[in-house]
Amino acid sequence: MLRGRDRELATLSALTGAVRDGRSGALVLTGEAGVGKTALLDATVAAAQGLRVLRVTGVESEMELPYAALHQLCGPLLAHLDRLPGPQRAALRITFGLDAGPAPDAFLVALATLTLLAEAATDRPLLGVVDDAQWLDRASVQALAFVARRLVAESVVMIFGVRGPVDTLRSLPELVIGGLPDTDARALLASAVPWPLDEGVREAILAEAHGNPLALLELPRGLSPAALAGGFGLPGALPGLSRRVEQSFLRRVDGLSPDARRLLLLAAADPVGDATRLWAAARRLGLGPDAGDELEAAGLLRIGLRVVFRHTLVRSAAYRAAPAGERRRVHAALAEATDPATDPDRRAWHRAYAQEVFDERVAAELESSADRAQARGGIAAAAAFLERAAELTGDPARRAGRELAAARAKYQAGAPDAAARLLSRAADGPPDELREARIGLLQGQMAFASPRSAEAPDLLLATARRFEHLDPALARETYLEAFAAAASAGRFAPDAIGRIARAVRDLPPPDAPSGPDLLLDALAVLYTDGFPAGAPLVRAALTAIVRDHPGLDEAVHWLFVADHAAGSISDDQALHVLTARYLTLVREAGALVRLSYIGAHRVTVLLYEGAIAQAAGVAEEMHTGGLATGLARPPFGRMLAAAWQGRAAVADPLIDQIVTVATAQRLGTGLTAAYTARALLRNAHGDHAAARTAAELATANPAETGIANVALAELVEAAMLGGDPVAARSALERLTERSIPSGTGWALGVEAYCRALVTGDEDLFRRAIDHLATSRAAFFLAKAHLLYGEWRCHRGRPDDTHLRTAHEMFTRFGAEGFTARAERALVAAGAAPGPAPTPATVEFTVREHEIAVRARDGRSNVEIGAELFLSTRTVEWHLGKIFAKLGISSRRDLPQQVF
């Protein structure tokens, strides 16, 4: 019987009851050590008749081993791996050490875990219990939090117990476990102290425990009846309840024999709880079964097939209280008892903590463990192995190299502060020009990904120059990264792109230039000699990149630059191919961290093509991916999609948010995108004065290209229709300098309709339509028809042909703002706008809409689940709701017009 926990037990019972009915759920039990979380989890497991129960407990000393907890939790389900889609099955097999291969992306592992649990639950509903989640290794807690957030209809329930907030679990439903009510606290204390208790002592213990059950049971233990009766010997207030309870356990430890204390420390130092390994290590220390019997009699731990502590605080108390020499001794015994063939990483870890002095052999073993951790996707674990390896390295130069490697891994694992600390140590190493250059490269990369991003171009430029005579190939890669940083910083790093370009022009040509090499040299020409000289070279480089089909890991270093270059010269075909290809690679790899910027590029391209609904779907996918990773990015995709849709009430707050974030983080491209979105949105609604203001802000830096080219066209339109032909002509001249050398149908078409607005040359409108008809830029083709139709009306020669074409295209695109503008122009021309599209009478949630569109377009449930990070069963559940709302029975009947 758990006193005072009726409310908590009812909540947990409702969860497990729902899972029996085919529903899913997740809950985080939060409370201080000893408050009863484990007891509640035990009670839930005991009452889980008919459910498959998976359980794991986090251990502080195992936090560095990648996927250790996930492997322990999912070990009983490995027979179900064959049911998973190929990429997911391969990801888990590599992660769990069953196969060799390249490290899978962390979120492909998470998606595979979700699918594995869902498949196992088809046989029997599943209860996953994770206790002491604050001590799970980072890779495991990230994967399990991902799973918990995606549960809908899998018949899976996940329950976590944590001592305090865990960032990765913050978005999950939470049940705070507080102390017991006074009546129950008194009853529990009475059950723990069978002799008369002095009233003052009772009140002191109750006040000290604050209703914490473990404290109520443990604080009186170890004190004599006389001490409890008179208050003599009652410990004074100690900092933190955990510390007070630890002290109560230590009082029991103090009464143990030396052998029992050493066996307790041995068990505390090995987080796995493997009794076979414990006794093998114990024999090396001369410890026998009597020591184990003594520990069990004291109520501190139980040794069966596994080692089970009375409470996790017993483990922490025993380990922290032991002298450093004793800790090293038991770690050495555990290392000797660990098979180097089957568990080399755990052996290396124990050996590392058995060392008091430098040891190159152990450091090398840790370095190998780091390589294996990275191969399994455990970047955080690799960083920990490398940091400890550096600490055990006596040679200063080699130690600095390992500190640099650890810093890089810490940065990749999302720990920039720790990375900076290690970088500082590495920089203090003996002089080494190549290592110092690599330190500079990492500093530049870290700056690029931080609010100091405007500092990154100069840092990367300086590093690239250092690499020129050390590693020419790495120098060229670094120059490309510098271009990316300068393009991103834009107005916040004035002339940075020019300085980088001038430095690249001085480089000797590579022997066998690759696509990225060609792109680097082409950009250098573009930003020194201008568009007439550079645009053809950029186009040739992009053609080579498209032809070469590089993989995601290679392309991720320069994809931003390639897309930016394609946008700068309005190469719509390269933009389409590159963004589609790499979004597919990201989805297949489950690389959600990379989804944010690749998805943003893809959203922009789809909007240019008039595929607004598809763009909005990718934007939602980006948002979902951000929630899944806990690395939510500014909503660039949502902002752009809302602006192209013409939904000011949605777009304007998002634009304001992006402006604030981009200003704080010094992201010039972010500001340009936000102001361009506002200019287009205001032009759609006919507010040309506001559109001009926004477009002028978007084009304030002459060096910014890419989406700034779109803003120049919006500026020409807003200024000319707002009655300022001088400003319109100035913007047109800037646009022409870029568009004519680019030579694509998109560039020439937009330039032609802008020039037609300024000059009044009707033939240019027709030429614009002809050029744009050869491109993928359908949205701008619709604008050409609209502007031409409006121009004829203003000159008293109304012809509704082009206005109707624009109206039909914008309606089909879902561009509500420009559709309304075309309707107003048709009315002004004396023509009826035609029948409006039939509005959907069925309301769908965002998730239902995302799934319905993909199902309508022919994607399988497995493909939909992979794209939206859902299990197949959840996709099926949503489709069932969609079919019921529409009164259909098959995806073949999904209507085009509703979606």
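Student: Why is Asp652 counted as buried?

Tutor: This is a predicted model, and in it Asp652 has a relative accessibility of 16%. Buried means under 20%, so Asp652 counts as buried.

Student: What makes Asp652 and Arg678 a salt bridge?

Tutor: Their side chains meet at 3.3 Å, N to O. A salt bridge needs a side-chain nitrogen of Lys or Arg within 4 Å of a carboxyl oxygen of Asp or Glu, so this pair qualifies. The two partners are 26 residues apart in sequence: Arg678 lies in helix α35 (residues 668-684) and Asp652 in helix α34 (residues 648-665), so the pair ties these parts together.

Student: Is Arg678 buried or exposed, and how do you know?

Tutor: Arg678 has a relative accessible area of 18%. The limit is under 20%, so Arg678 is buried.

Student: What about Arg346: which partner does its side chain meet, and why is Arg346 called buried?

Tutor: The partner is Asp343, at 3.0 Å from N to O. With 13% relative accessible area, Arg346 is under the 20% limit, so it is buried.

Student: How many salt bridges does a search of the whole structure find?

Tutor: The search finds 53 salt bridges. One of them joins Lys783 and Glu714, with N to O at 2.7 Å. This pair links distant parts of the chain, 69 residues apart: Lys783 is in helix α41 (residues 778-794) and Glu714 in helix α37 (residues 707-721). Shared partners join Glu714, Glu717, Lys783, Glu790 and Arg821 into one network of salt bridges. Lys783 and Glu714 are both buried.

Student: Which residues gather in a patch of negative charge on the surface?

Tutor: They are Asp259, Asp290, Asp293 and Glu296. Helix α14 (residues 289-297) gives the largest share of this patch, three residues, while Asp259 lies in helix α12 (residues 258-269).

Student: Why does Asp259 count as partly exposed?

Tutor: Asp259 has 39% relative accessibility. Buried is under 20% and exposed is over 50%, with partly exposed in between, so Asp259 counts as partly exposed.

Methods
Residues are numbered from 1 along each chain as its sequence is written. This is a predicted model: local features need pLDDT of at least 70, side-chain atom pairs count only at pLDDT 80 or more; totals for chains, interfaces and linings use all residues. Side-chain values use heavy atoms; hydrogens and water are left out. Buried means under 20% relative accessible area, exposed over 50%, partly exposed in between (1.4 Å probe, protein chains only). Helices (H or I, at least four residues) and strands (E, at least two) are DSSP runs, numbered from the N terminus. Patches are made of residues with over 30% relative accessible area and no salt bridge: like charges are joined within 9 Å, nonpolar side chains (Val, Leu, Ile, Met, Phe, Trp, Tyr) within 5 Å. Accessible areas come from the Shrake-Rupley method with a 1.4 Å probe; for residues, only the protein chains shown count as cover. Lys and Arg count as positive and Asp and Glu as negative; His and the chain ends are not counted. The place of a charge is taken as NZ of Lys, CZ of Arg, CG of Asp or CD of Glu.
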